[in-house]
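Visitor: Could you walk me through this one, starting with the overall picture and then going into one spot in detail?

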Amino acid sequence: MTVGLDDALKHHFGYESFRPLQREICERTLAGEDVLALLPTGGGKSLCYQLPAMLESGLTLVISPLIALMKDQVDNLSANGIASTFLNSSLTADEAASRMARLERGEYRLLYVAPERLALGGFLVRLARWNVQRIAVDEAHCVSEWGHDFRPDYRRIAVLREHFPDVPMLALTATATDRVRADIEQFLALRKPHRFVGSFNRPNLRYSVFEKHDAWKQILAWCTTRATESGIIYTQSRASAEDLAERLSANGIPALPYHAGLDPRRRSKNQELFIRDEIRVICATIAFGMGIDKPNVRYVVHYDLPKNVEGYYQETGRAGRDGLASDCALFFSGGDAAKQRHFIRQISDLDEREQADALLRKMLDFAGTPFCRRSFLLRYFGETYGADTCSNCDNCLSPPDRVDGTLGAQKFLSCVYRIRAHSGFSTGMNHVVDVLLGTTTEKVLERGHDALSTFGIGTEYTKAEWLALGGELLRRGYVEQEAEHRTLLLTPEGLRALKEQLPVEFVKPRAVARGKKAGKGKAAANIASQDTDLFEALRRLRKGIADEQGVPPYVVFSDATLREMTIHKPTSQTAFRAISGVGDTKLERYGQAFVAEILRVVSVNV
Ligand code: ADP
Ligand code: ZN
């Protein structure tokens, strides 16, 4: 049986090896047991039911929450020559009838439906005739109110247990706390489920945090150095999503916005253009994400501070599903932290407010940590990371310069204090820094702040360093920013820190230009520069085929597969089949075209 699995994996999907736990999950479900599989995004959950479906006769019923995704999944399977279909409200009556007729004849291996369908009259009766061998429940956390996208209809799935008592069930999700997990087992009525919990580490993702000082310039530089890559930029507000998309487009980087305020047609249009590689960047609020299966998202940027670590992890998780090196960058400023604190203070319910505050504080700890960011994230989710350094986060790649800022903090805090004592009003952070540096700006002179005892006492740091120290003081809550004018106020804790000379450390600011592209791991073997022509040529070929067939490019071949072709340059059908991602159907359909293109480009380049 084990040998059979490997051969089937190559034959149907073109993969050389299983990702962690995929094999074990397939084996258990093939043995007829119930399984609960917790794998991170990009862990390869779909394969855990798609491969078993090919090893047995009969139908695998897949419950999936998103109608929009079903078509992509089915296209993907068809590209591998696997007969599958979906039934949902997007189909005409004729189309649905013809699919049901084929289901009656047992022509499909997989059927995708949303849970709502289980309530439709007659569906269960029909289903009983279709020789259901296995039930896979995708995004199983939707059954739980504790999860982040509860769907009441998921509770209906339990009726399948009554109608199909002997059919094994396989529940899959990327998010599950203990409470959610218990809910999944209870509400899906799983029988003695085998639980598989994968590591939530995503080794191909590189985490970095950048001090945000000139946000637009920084983001433009970031996107420009990655001009041919796909990326998601998360912003807090709809307005800044729109604004960024417009400005990026104006600067030659095709980008579109996505947020809940756009009308649904425009929203799905923008998403579609992104998935089909027609645009490079999507500027989005957190409304964007669930249902994005695009595997070649090369970076996720957080332009504003996320509210909590969970959200951050989910959103960054959309990068690099294909296993290739990808970047997760957080642009952070102390001002953003203050802004969020301000919002939290408006929450009237005390419990809720305290909870939001605790979550934010964790997020700030992540942004401010001088240690490995990956182990921080894993620890947050209750996992330990075996090593001290991961070699793939900013802090591990270039350990930050931590400096003792105790004296600087004293100067800063007393400067804030003195400005207010002298003028009766507060000023913004830049002005405080000007005073410390002894810069005679118009405002400094006008307000007479050159006469303060703190004027010019801070020449030991550069402006950027003072801003970083100020950010640290904001993060610790020693100063806070008034919402409207962003002026700085000393807090009671700040006053205490000043009196007791509490120690303060801060991290010397990083320049964003140092944000080199992620590149690590076997899959990511960076292609040599002379090979970029070939890679681009293969991308164009792929896009042409995809457009002709009306599917997203990754359905034809993933970026990971194109990259392998670029490195190994297969010039025969046998060599082409050895590429990961080339199964027998794709070999037959695309082998000649791709090999011909490789031969053409290689001969031009010699
Ligand atoms: P998940 O649903 O867990 O986020 P997917 O099922 O969408 O993950 O798989 C993510 C990507 O990984 C897809 O592009 C898929 O084709 C690819 N993949 C899955 N299993 C393997 C494997 N064993 N080897 C290589 N690539 C794989
Ligand atoms: Zn690290």
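This is a predicted model: local features need pLDDT of at least 70, side-chain atom pairs count only at pLDDT 80 or more; totals for chains, interfaces and linings use all residues.

Visitor: How many helices and strands are in the protein chain?

Guide: The protein chain has 26 helices and 17 strands, where helices (H or I, at least four residues) and strands (E, at least two) are DSSP runs numbered from the N terminus.

Visitor: And what share of the residues is buried?

Guide: Of the 606 residues in the protein chain, 54% are buried, which means under 20% relative accessible area, with exposed being over 50% and partly exposed in between (1.4 Å probe, protein chains only).

Visitor: What box do the C-alpha atoms fill?

Guide: Taken along the principal axes, the box is roughly 90 × 65 × 45 Å.

Visitor: New topic: where is Glu-310, and is it buried or partly exposed?

Guide: Glu-310 sits in helix α12, which covers residues 309-316, and Glu-310 counts as partly exposed because its relative accessibility is 34%.

Visitor: What is Glu-310 in contact with, beyond its neighbours in sequence?

Guide: Leaving aside neighbours within four places in sequence, Glu-310 is in contact with Tyr-380 and Phe-381, a contact being heavy atoms within 4.5 Å. The side chains of Glu-310 and Tyr-380 also make a polar contact at 3.0 Å; that term stands for a pair of N or O atoms within 3.5 Å, where within protein one must be able to donate a hydrogen and the other to accept it, and residues adjacent in sequence count only if both atoms are side-chain atoms.

Visitor: Why is helix α15 described as largely enclosed?

Guide: Helix α15 (residues 373-380) is largely enclosed by the rest of the structure because 6 of its 8 residues are buried. Those buried residues are Arg-373, Arg-374, Ser-375, Phe-376, Leu-377 and Leu-378.

Visitor: What do they pack against?

Guide: The buried residues of α15 pack against β8 (205-211), α12, α14 (350-368) and α16 (394-397).

Visitor: Which residue with a positive phi follows α15?

Guide: That is Gly-382, with a phi near 80 degrees.

Technical notes
Residues are numbered from 1 along each chain as its sequence is written. Chains are lettered from A and ligands numbered from 1 in the order in which they are written. Side-chain values use heavy atoms; hydrogens and water are left out.
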